[in-house]
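Work through the exercises below with the model open. Try each task before you read its solution.

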Amino acid sequence: MEASDLLRNSLLHLAKSTRVRDFVEEAPVSRSVVRRFVPGAATADAVGAVGQLQVTQRMATIDYLGEDTTDLGQATHTRDAYLALLSELARHRYTDDGRAEVSVKLSALGQSLPGDGHRIALDHARAICQAAANAGTTVTLDMEDHTTTDSTLESLRELRQDFPAVGAVLQAYLHRTEADCADLAHAGSRVRLCKGAYKEPETVAYQGAEVDRSYVRCLKVLMAGQGYPMVASHDPRLVEIAGALAAKRGRDPKSFEYQMLYGIRPEEQQRIADRGDQMRVYIPYGEQWYGYLMRRMAERPGNLMFFLRGVATRG
Ligand code: FDA
């Protein structure tokens, strides 16, 4: 195994460790270090970040951080956080024309609760979709580890019966995803394509450079289809290929969009928005930033160095 894979796997392992999380959360990390990637814990922090992005013609999708809840109270709290967020976004008119939407993890809404988890998460998601529709916008269902893919796509189908604009996320690293892209590339279907952020076994997922090749195959399917592709990647090669495929298919710039994470490649985000393409930034906020931040570290050692320098200079 290469050193970079070893580091990535270790960080993804640490992302699940509650002991390390407690340590890191209590370390004297400056707010500004975490805030490069997470604008804050409160609704107002997320709404403020959306406002700043809209001034620079960038759209937003907002994620209230938290996942793998096995506590019904926490799942309900997450639903309520989204309802409050959507109401604030609408009050500022940031949701007009869907310029700000929300991204939701079903596991944060109770998907992993024993027994009735699927139904509880679906009910919570339905309430969020209704609030989003009232605010003039929509929801995208984040995709989590491969054990949840079928259940999440089943929830997507159910939600789309009442809210057809609900977006899906597909992960190019899974062997199944090219076929899922073909299924979801129909008119009106919003599909975010990402590489995939979880540690997955070779039995279900491509590894290394194979992931990029799968991403391109999936992009071809989505760009050739009738749906609305959302190209979620910071990878300059994939961003360029997406643009070339859209041009080849004669796609209008309004018929697809690029997406990147808050704080990652902001100059590139701006360049894409300035040339007249649609750019949406994924903004995570909330108290539970630890797992999210560790996944970003796993993706790029440069992010890890930035973080450690911040800890060291303040520790
Ligand atoms: P990757 O991390 O391989 O980076 C490729 C290249 O991008 C690098 O070589 C470098 O050139 C450039 N780059 C990356 N980071 C940089 C940085 N900090 N500074 C400068 N250059 C940088 N995952 C998931 O499993 N489920 C989900 O629901 C989502 N949702 C989601 C939404 C959005 C909007 C995004 C952008 C991503 C996700 N993801 C996700 C995460 C996704 O699966 C993936 O883990 C990350 O986007 C990282 O993959 P990249 O495609 O960016 O390439």
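**Exercise 1: the ligand shell**

Strand 7 is the top contributor to the shell around the ligand, giving 3 residues. Strands here are DSSP runs of E with at least two residues, helices are runs of H or I with at least four, and both are numbered from the N terminus. This is a predicted model, in which local features need pLDDT of at least 70, side-chain atom pairs count only at pLDDT 80 or more, and totals for chains, interfaces and linings use all residues. Residues are numbered from 1 along each chain as its sequence is written, and side-chain values use heavy atoms, with hydrogens and water left out.

Task: describe the residues that surround the ligand.

Step 1. Count them. The ligand is surrounded by 25 residues, where near means a heavy atom within 4 Å. Met143, Gly196, Ser233, His234 and Glu299 are the closest.

Step 2. Sort them by class. The shell holds 11 nonpolar, 6 polar and 8 charged residues. Ala, Val, Leu, Ile, Met, Phe, Trp, Tyr, Cys and Pro count as nonpolar, Asp, Glu, Lys and Arg as charged, and the others, Gly among them, as polar.

Step 3. Find the polar contacts, which are pairs of N or O atoms within 3.5 Å. A polar side-chain atom of Gln171 sits 2.9 Å from a ligand oxygen. For Gly196, a backbone N or O atom is 2.7 Å from an oxygen of the ligand. Ala197 places a polar backbone atom 3.0 Å from a ligand oxygen.

Step 4. Check the cover. Alone, the ligand exposes 960 Å², and the protein buries 82% of that. These areas come from the Shrake-Rupley method with a 1.4 Å probe.

**Exercise 2: between domains**

Task: why does the ligand lie between domain 1 and domain 2?

Solution. Look at both domains. Domain 1 spans 1–37 + 298–315, and domain 2 spans 38–288. Both give residues to the shell, so the ligand lies between them. The bounds come from an automatic or database domain assignment.

Terms used:
A polar contact is a pair of N or O atoms within 3.5 Å; within protein, one must be able to donate a hydrogen and the other to accept it, and residues adjacent in sequence count only if both atoms are side-chain atoms.
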